[in-house]
Amino acid sequence: MNANLTCPAIHSVSLPITAFIGGGNMSSALIGGLLTSGAELANLRVVEPFAEQRARLQQRFPGAQILEAPNAALRNAQAVVWAVKPQQFAQAAADCRAHLGDALHVSIMAGVRCRAIERQTGAQRMVRTMPNTPALIGQGITGLFASAQASEADRALADALLAPAGRRVWVQREDLLDAVTAVSGSGPAYAFYLAEAMTRAGEELGLSGAQARELALATLAGAAALAQGSSEPLATLRANVTSKGGTTAAALGVFDAADMQTTIIRALHAADQRAKELGDALEAG
C-alpha cells in the first residue's frame, strides 16, 4: 500500500453501524460531518460516561443512541472508533470488550499502538489514525495506518469515517505516525507560534493588535492555500517573493543568521522522539 493523499469527501456516504467509544469534541465533529454527508443517525452509537457531555450530544444529535456504559447495543457494530484519552483506554477496553463483535477498530488516540489495542480488545483488524485540531472544523489532516489484517474494504471504511476531519494521508509503517505527529499533529501549534510572533512584531511597528492578528493569520492561510494550489517546490515559491536587496530578503537574512531551518528541523525531530517515548510508556503501562 503506497502512501497517498485523499481529500475530504463531498458526496453522501453509507456507513454500517458504528460505535464511538468516547463522545468528546473529535467524536462530535466526526459524527456531525458524517450526518451531513448522509450517514444515518440510527447507525451511530456513542458511549459517553460523563452526564454533561451526554446531554450535549443528545441535544446536538437528537434521537442518537448515547449510552452511559457499553451494552448489547454495540454488538452489531461493524466499526468501533476509539476516541477516549490514551490513559483511559485500558479501562474503556475492559468495559467494552464483552460487547464488541467482529468489528474494525479505528483509533484516534494519540500514542496507543496497534499491539496495545490488540492486547486490550482482541482485535486484529485495526486502523490507527493521527488527526490534528483543525479537524474540529473539517480543515485538518489525518495520518492513517492499517494493520496487516485490515482489508481494502476496512481501509475504505476508515477513510470514510475520517473524511469529515479533512484530508487523509496513509502511511506504510506504524512508526511513521510518530512523524505525522511531529509534522501535523503538533503542527498547528507551530503555526500559532509563528502567528504570535508576527502579531507581536506588527504591534511593535505601530499596527493595532487586531490589525496585526488579521494580517498574520490571513497571510499564513493565504500562503498555505497558494502552496497547495501550486506544483512549484516550496523553495521556489519562497524565492518568488524574495527580491534581491528587498524587504523579504532582509527578514529572511535574519532567519538564516539564526539558522532557523535547522532549529525547526531539530524541533520536529524532538517531537518525533517524544511521540515514541509516550508510545513506549503507554505500551509498557
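Which residues does T248 touch, not counting residues up to four places away in sequence?

## Surroundings of T248

In this predicted model, T248 touches V241 and T242 once residues up to four places away in sequence are set aside. The residue itself lies in helix 10, which spans residues 247-257, and T248 counts as partly exposed because its relative accessibility is 26%, a value that falls between the 20% limit for buried and the 50% limit for exposed.

The C-alpha atoms of T248 and A29 are 39 Å apart in space, and the two residues are separated by 219 positions in sequence.

## The chain as a whole

The protein chain has eleven helices and nine strands, and its C-alpha atoms fill a box of roughly 70 × 40 × 35 Å when the box is taken along the principal axes. Of its 285 residues, 40% count as buried, while the accessible surface comes to about 15,700 Å², with 56% of that surface belonging to carbon and sulfur atoms.

Among the contacts in the protein chain with a separation of 6 or more, 63% are accounted for by residues 24 or more positions apart.

## Helix 1 with helix 2

Helix 1 (residues 25-36) and helix 2 (residues 51-60) pack with their axes 12 Å apart and at an angle of about 10°. The two helices are therefore roughly parallel to each other, since an angle under 35 degrees counts as such, and their crossing is right-handed.

## Helix 6 with helix 11

The axes of helix 6 (residues 176-185) and helix 11 (residues 260-284) come within 8 Å and cross at roughly 135°, so that helix 6 and helix 11 are oblique to each other. The crossing in which helix 6 passes helix 11 is right-handed.

Helix 6 contributes D178, A179, T181, A182 and V183 to the contact, and helix 11 contributes L268, A271, D272, A275 and K276. Sorted by class, the contact of helix 6 with helix 11 has six nonpolar, one polar and three charged residues.

Technical notes: Residues are numbered from 1 along each chain as its sequence is written. This is a predicted model: local features need pLDDT of at least 70, side-chain atom pairs count only at pLDDT 80 or more; totals for chains, interfaces and linings use all residues. Side-chain values use heavy atoms; hydrogens and water are left out. Axes are lines fitted to C-alpha atoms, for helices over the stretch in contact, and angles run from 0 to 180 degrees between N-to-C directions. Helices (H or I, at least four residues) and strands (E, at least two) are DSSP runs, numbered from the N terminus. Angles under 35 degrees count as roughly parallel, over 145 as roughly antiparallel, 65 to 115 as roughly perpendicular and the rest as oblique. A crossing is left-handed if the near helix is turned anticlockwise from the far one by less than a right angle, and right-handed if clockwise. Contact means heavy atoms within 4.5 Å. Ala, Val, Leu, Ile, Met, Phe, Trp, Tyr, Cys and Pro count as nonpolar, Asp, Glu, Lys and Arg as charged, and the others, Gly among them, as polar. Buried means under 20% relative accessible area, exposed over 50%, partly exposed in between (1.4 Å probe, protein chains only). Accessible areas come from the Shrake-Rupley method with a 1.4 Å probe; for residues, only the protein chains shown count as cover.
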